[in-house]
Amino acid sequence: MRYGQLVMGPAGSGKSTYCATMQRHGHDDKRLIKVVNLDPAAERFDYQPFVDIRDLIQLDDAMEDEELHYGPNGGLVFCVEYLLENPDWLKNQLCGVGGDDDGEEGEVDAGVEEPDDDYILFDMPGQIELYSHLNAGRQLAKLLESWDFRLCSVFLVDSQFMIDGAKFLSGTMAALSVMANMELPHLDKYLEPDPQALLGEVSNESSWGRKYRKLSETIGLLIEDFSLVRFTPLNINDEENIADLLLMIDNVIQFGEDADVRTRDFDPPEPEEDDDPDKYYGE
């Protein structure tokens, strides 16, 4: 069994920063956490990618093609769909399995065993349509699950979404859409707001808000009463917060439950010489 997180969120929400932070935390904790970059438009990041989609296709390839002429958004969608059309490349990178000149497609390379107990973060593009309503995100998840990955989705939003009523409404609806579309255990990060208070601000601050006040209040009650979305805080400068968050995700994907219990035998303590109780008391 292998384990992974699909790290998603809007552009600029901190996905690459989150991956780099988790990788550094794992290194300090003597735990190997690998990161796979699946953003074909990435220019730099603070981690060393285990697999990089840019070795297969880059955003410029789709934008500069004489027949395609995609823009940035369409190009990102095309690159991810191209990756899904070439699963052997990704499988060979992740598992050491794929087609080659000497063997059949999907055959394990000689002398290479499929890894086990890997823990991999998949740094996804910031094109939210890939997860909210297109099939590409779900197809990628199903593909990884077929390779014995146990996954959860991690959806990041900026902390500003938790203090502004209108942004909170849009961020919450986006998180719900991603959760329903991806069909994976889901974790939202940054702050824990008060839905009714924030949506109450939306209801009073604008003519649109006043007109749809009852709708906003109903959405707030629905979110709170049924616990549809709960946001978890993340502070990359707080090691205890990072450890608690990683433990929460590990519990969701059941990481480490198959590991053998480590036991250690201890010899009984040897009696000390001249252990005479009378020496502690005066006569």
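Ser 132 sits in helix H5. Is Ser 132 buried or exposed? Its relative accessible area is 14%, and anything under 20% counts as buried, so Ser 132 is buried. What does Ser 132 touch? Setting aside residues up to four places away in sequence, Ser 132 touches Ser 177, Val 178 and Asn 181. Its side chain also joins that of His 133 through a polar contact of 3.0 Å.

Now step back and look at the protein as a whole. It has 283 residues, of which 42% count as buried, and its fold includes 11 helices and seven strands. The protein exposes about 16500 Å², with 46% of this supplied by carbon and sulfur atoms. Take the contacts between residues at least 6 apart in sequence: 69% of them join residues at least 24 apart.

How far does the predictor trust its own model? The mean pLDDT is 81, and 77% of the residues reach 70 or more. Over residues 98-113, however, the pLDDT is below 50, although this stretch has 20 contacts in the model beyond near neighbours in sequence. Where pLDDT is low, the predicted coordinates should not be read in detail.

Next, let us look inside. In soluble globular proteins, nonpolar side chains tend to be buried together. Here the largest nonpolar core has 42 residues, and those with the most contacts inside it are Leu 94, Phe 122 and Leu 144. Which helices and strands each supply at least two residues of this core? The helices are H3 (72-85), H4 (87-95), H5 (129-132), H6 (136-146) and H7 (165-182), and the strands are S1 (2-8), S4 (119-123) and S5 (149-156). H7 gives the most to this core, with six residues.

H1 covers residues 15-28; its 14 residues reach 20 Å from the first C-alpha to the last, close to the 20 Å expected at 1.5 Å a residue. Ile 249, in turn, belongs to the buried residues of H11, together with Asn 241, Ile 242, Leu 245, Leu 246, Asp 250 and Ile 253. An α-helix has 3.6 residues a turn, so residues three or four places apart point the same way. Keep that in mind as you find these buried residues along the helix. H11 (residues 239-253) has 15 residues, which at 1.5 Å a residue should span 21 Å; its end C-alpha atoms are 21 Å apart, so the two agree. Asp 238 caps the N-terminal end of H11, with a side-chain oxygen 3.1 Å from the backbone nitrogen of Glu 240.

What happens to the backbone just after these helices? Most residues other than glycine have a negative phi, and most peptide bonds are trans. Just after H11, Gln 254 takes a positive phi of about 60°. Lys 30 has a positive phi of about 60° too, although it is not a glycine; Lys 30 lies in the loop between H1 and S2. With a relative accessible area of 79%, Lys 30 is over the 50% cut-off and therefore exposed. Asp 148, in the loop between H6 and S5, has a positive phi of about 70° although it is not a glycine. Asp 148 counts as partly exposed because its relative accessibility is 39%.

Loops can hold buried residues as well. Gln 127 lies in the loop between S4 and H5, yet at 8% relative accessibility it counts as buried. Beyond its neighbours within four places in sequence, Gln 127 is in contact with Asn 73, Leu 76 and Val 77. Its side chain also makes a polar contact of 2.9 Å with the side chain of Glu 129.

Our last stop is Ala 42, in the loop between strand S2 (34-37) and strand S3 (51-52). Ala 42 counts as buried because its relative accessibility is 15%. Leaving aside neighbours within four places in sequence, Ala 42 is in contact with Asn 37 and Arg 54. Ala 42 and Arg 54 are 12 residues apart in sequence, and their C-alpha atoms are 8.4 Å apart in space.

Technical notes:
Residues are numbered from 1 along each chain as its sequence is written. This is a predicted model: local features need pLDDT of at least 70, side-chain atom pairs count only at pLDDT 80 or more; totals for chains, interfaces and linings use all residues. Side-chain values use heavy atoms; hydrogens and water are left out. A nonpolar core is a set of buried Ala, Val, Leu, Ile, Met, Phe, Trp, Tyr and Cys residues joined through side-chain atoms within 4.5 Å. Buried means under 20% relative accessible area, exposed over 50%, partly exposed in between (1.4 Å probe, protein chains only). Helices (H or I, at least four residues) and strands (E, at least two) are DSSP runs, numbered from the N terminus. The expected span of a helix is 1.5 Å times one less than its number of residues. A polar contact is a pair of N or O atoms within 3.5 Å; within protein, one must be able to donate a hydrogen and the other to accept it, and residues adjacent in sequence count only if both atoms are side-chain atoms. Contact means heavy atoms within 4.5 Å. Accessible areas come from the Shrake-Rupley method with a 1.4 Å probe; for residues, only the protein chains shown count as cover. pLDDT is the predictor's confidence in each residue, from 0 to 100.
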